[in-house]
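Welcome! Please keep the view open as you read.

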Amino acid sequence: MAIFGKNCDYFLGYALGGGGAKGFAHLGALKVLDKCGLKPDVIAGTSAGAMAGVFYADGFHPDEIAELFRKRELKEFVELTLPKSGFLKSTGLHSFLKKNLRARRFEDLQIPFYAVATDWNRASTVTFSNGDDLVDAVVASCSVPILFYPQYIQGIPYVDGGLLKNLPVSVIRKKCKYVIGINVSLIMPPADRYTIRTMLERTFNLMSNSNTLIDKSYCDILIETKGIEKYSMFNLHNLETIMEAGQLYAAIRMSEKESWQIVRKCHRHYELTEKIRRNIQRLKQGMVLTSPKEMPEV
């Protein structure tokens, strides 16, 4: 629509990056963006960002999303299995999403949403944004290869979107006037002990960080949560601390002059959009009230 700017479908978009349990920082950042009066027209999410993003797009407040995960263990979301294409099945995660999401299809969400996954066979980034595969798409976006079984959608195996696109700014960049990117996965320090889990986690962290460099440059506002690098991507016990860190660094970033200029432009856009909506509503009401008999003769 022209009102959003030349060749833009949306005015403001959010791009939420992957990071496992570090994704709780998204919830703190979203709370700050809410307090700034911002309302995204579209959301793209990878892995943990897809998890946070789909609930937010479904109308959940960040605190409500956090409540869904409080006092939960990783074992509630996965099923240990004999290693074949992965050590764990995402059966619990699938059930969790199906139980708690209000929407059943992408089109049922309150905000347009893109779930980013990796096509394992074609080695390419794929986005899901319509149809009945909402839950499967989010599970696919979160399926870290080797650790988790691939998620099959219409016969095609998909794995974690962070493999190739951990910060999905480019997914919506051309569609939006402004994009706010939230990166929660900075380079983590090496673990004290080498185990399969710590080696896999650091490998995936280094790899996903390298593919965010271009997407970071595409952001109009980039929020990066520091100080949470030490937390394991599979440990759900630090929800409050990670969420508070996300809130802190989002508040710092949004208080900067350049960020606040975009916030003001968004507010002006909302005012203009509301004014146009009211004018259209009055025109419709006028057309209904003016019957053919009331029309003046020519």
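In which kind of crossing does H1 pass H9? The crossing of these helices is right-handed. Keep in mind as you explore that this is a predicted model.

**How H1 and H9 pack**

- Helix H1 covers residues 24–35 and helix H9 covers residues 239–254.
- Their axes lie 6 Å apart, and the helices pack at an angle of about 40°.
- H1 and H9 are therefore oblique to each other.
- On the H1 side, the residues that meet H9 include Phe24, Leu27, Gly28, Val32 and Lys35.
- On the H9 side, Leu239, Ile242, Gly246, Ala250 and Met254 are among the residues that meet H1.

**A closer look at threonine 212**

- You will find threonine 212 in the loop between helix H7 (196–210) and helix H8 (213–217).
- Threonine 212 counts as buried because its relative accessibility is 1%, with under 20% being the cut-off for that label.
- Leaving aside neighbours within four places in sequence, threonine 212 is in contact with Asn166 and Leu167.

- The average pLDDT of the protein is 87, and 88% of the residues score at least 70.
- Residues 77–83 have pLDDT below 50, and this stretch has 25 contacts in the model beyond near neighbours in sequence.
- Residues 294–298 stay under 50 in pLDDT, with 2 contacts in the model beyond four places in sequence.
- Where pLDDT is low, the predicted coordinates should not be read in detail.

Technical notes: Residues are numbered from 1 along each chain as its sequence is written. This is a predicted model: local features need pLDDT of at least 70, side-chain atom pairs count only at pLDDT 80 or more; totals for chains, interfaces and linings use all residues. Side-chain values use heavy atoms; hydrogens and water are left out. Axes are lines fitted to C-alpha atoms, for helices over the stretch in contact, and angles run from 0 to 180 degrees between N-to-C directions. Helices (H or I, at least four residues) and strands (E, at least two) are DSSP runs, numbered from the N terminus. Angles under 35 degrees count as roughly parallel, over 145 as roughly antiparallel, 65 to 115 as roughly perpendicular and the rest as oblique. A crossing is left-handed if the near helix is turned anticlockwise from the far one by less than a right angle, and right-handed if clockwise. Contact means heavy atoms within 4.5 Å. pLDDT is the predictor's confidence in each residue, from 0 to 100. Buried means under 20% relative accessible area, exposed over 50%, partly exposed in between (1.4 Å probe, protein chains only).
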